[in-house]
Amino acid sequence: MKASIKERELREVVGKTVSCNMSPTLRAKLIKINRKDCIMQVEPTFYTRTSDLTRDVGKTFRMPIDHTWNAYFF
């Protein structure tokens, strides 16, 4: 089965960090793309007052492919 346009576009940004509302630090990196969702990794935050969130850095979570595409390209 052919990959969707969104899947192909997301392959170009694997490994890049983006602002992400679903991440506890509001930053995440795209690790892997599946057919319906993506695996994201929590990245360090820009904000120093929320340094207690560093314990979540490196954890992974799933995010729908449409939401991931929106974060990078919209």
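Visitor: How should I class Asp52: buried, partly exposed or exposed?
Guide: In this predicted model, Asp52 is partly exposed, its relative accessible area being 49%.

Visitor: Where is the place of Asp52?
Guide: Asp52 belongs to the loop between E3 and E4. From C-alpha to C-alpha, Asp52 is 24 Å away from Ile31, and 21 residues separate the two in sequence.

Visitor: Let us turn to the sheet. In what order do the strands come?
Guide: The order is E1-E2-E3-E4, with 4 strands forming an open sheet and antiparallel pairing. Strand E1 (17–19) and strand E4 (60–64) are the edge strands, and each of them pairs on one side only. From one strand to the next, the twist averages 45°.

Visitor: Which helix packs on the sheet?
Guide: Helix H2, residues 65–73, packs there and touches E1, E2, strand E3 (37–42) and E4. The direction of H2 makes about 95° with that of E4.

Visitor: And how many bridges join E1 to E2?
Guide: There are 3 bridges between E1 and strand E2 (residues 27–33), and the two strands run antiparallel.

Visitor: How many join E2 to E3?
Guide: The number is 5, again with the strands antiparallel. Leu30 has Met40 as its bridge partner in E3. A hairpin of 3 residues leads from E2 to E3.

Visitor: That leaves the E3 and E4 pair. What is the bridge partner of Asp37 in E4?
Guide: Asp37 is partnered by Pro64. E3 and E4 run antiparallel and are joined by 5 bridges.

Visitor: How many of the residues of E3 are buried?
Guide: In E3, 5 of the 6 residues are buried, and the strand is mostly covered.

Visitor: Back to Val18 for a moment. Why does it count as buried?
Guide: Val18, which lies in strand E1, counts as buried because its relative accessibility is 9%, and the cut-off for buried is under 20%. Leaving aside neighbours within four places in sequence, Val18 is in contact with Leu26, Arg27, Ala28, Met40, Ala71 and Tyr72. A further pair is Val18 and Glu43, which stand 9.0 Å apart in space, C-alpha to C-alpha, with a sequence separation of 25 residues.

Visitor: Which residues of H2 are buried?
Guide: They are Ile65, Thr68, Trp69 and Tyr72. Viewed down the axis of H2, these buried residues fall within an arc of 100°, so they line one face of the helix.

Visitor: What do the buried residues of H2 pack against?
Guide: They pack against H1 as well as E1, E2, E3 and E4.

Visitor: On to H1, then. Is Glu7 buried or exposed?
Guide: Glu7 is buried, and its relative accessible area is 6%. The residue sits in helix H1, which spans residues 5–11.

Visitor: What is Glu7 in contact with?
Guide: With neighbours within four places in sequence left aside, Glu7 is in contact with Ile33, Asn34, Arg35 and Ile65.

Visitor: Another topic: the core. Which residues touch the most other members of the largest nonpolar core?
Guide: Leu10, Leu30, Ile33, Cys38, Met40, Phe61 and Tyr72 do so, in a core of 15 residues. E2, E3, E4 and H2 each contribute at least two residues to this core.

Visitor: And what is Leu10 in contact with?
Guide: Apart from neighbours within four places in sequence, Leu10 is in contact with Leu30, Ile33, Cys38, Ile65, Thr68, Trp69, Tyr72 and Phe73.

Visitor: One last point, on Cys38: which cysteine sulfur is closest to its own?
Guide: The closest is that of Cys20, at 10 Å, which is too far for a bond. A disulfide would need the two sulfur atoms within 2.5 Å, and the count comes to 0 disulfides.

Visitor: Is Cys20 buried or exposed?
Guide: Cys20 is buried, having a relative accessible area of 4%. Cys38 also counts as buried, at 0% relative accessibility.

Definitions and conventions:
Residues are numbered from 1 along each chain as its sequence is written. This is a predicted model: local features need pLDDT of at least 70, side-chain atom pairs count only at pLDDT 80 or more; totals for chains, interfaces and linings use all residues. Side-chain values use heavy atoms; hydrogens and water are left out. Two strands pair if DSSP finds at least two bridges between them. Axes are lines fitted to C-alpha atoms, for helices over the stretch in contact, and angles run from 0 to 180 degrees between N-to-C directions. Contact means heavy atoms within 4.5 Å. Buried means under 20% relative accessible area, exposed over 50%, partly exposed in between (1.4 Å probe, protein chains only). The arc is that of the directions from the helix axis to the C-beta atoms. A nonpolar core is a set of buried Ala, Val, Leu, Ile, Met, Phe, Trp, Tyr and Cys residues joined through side-chain atoms within 4.5 Å.
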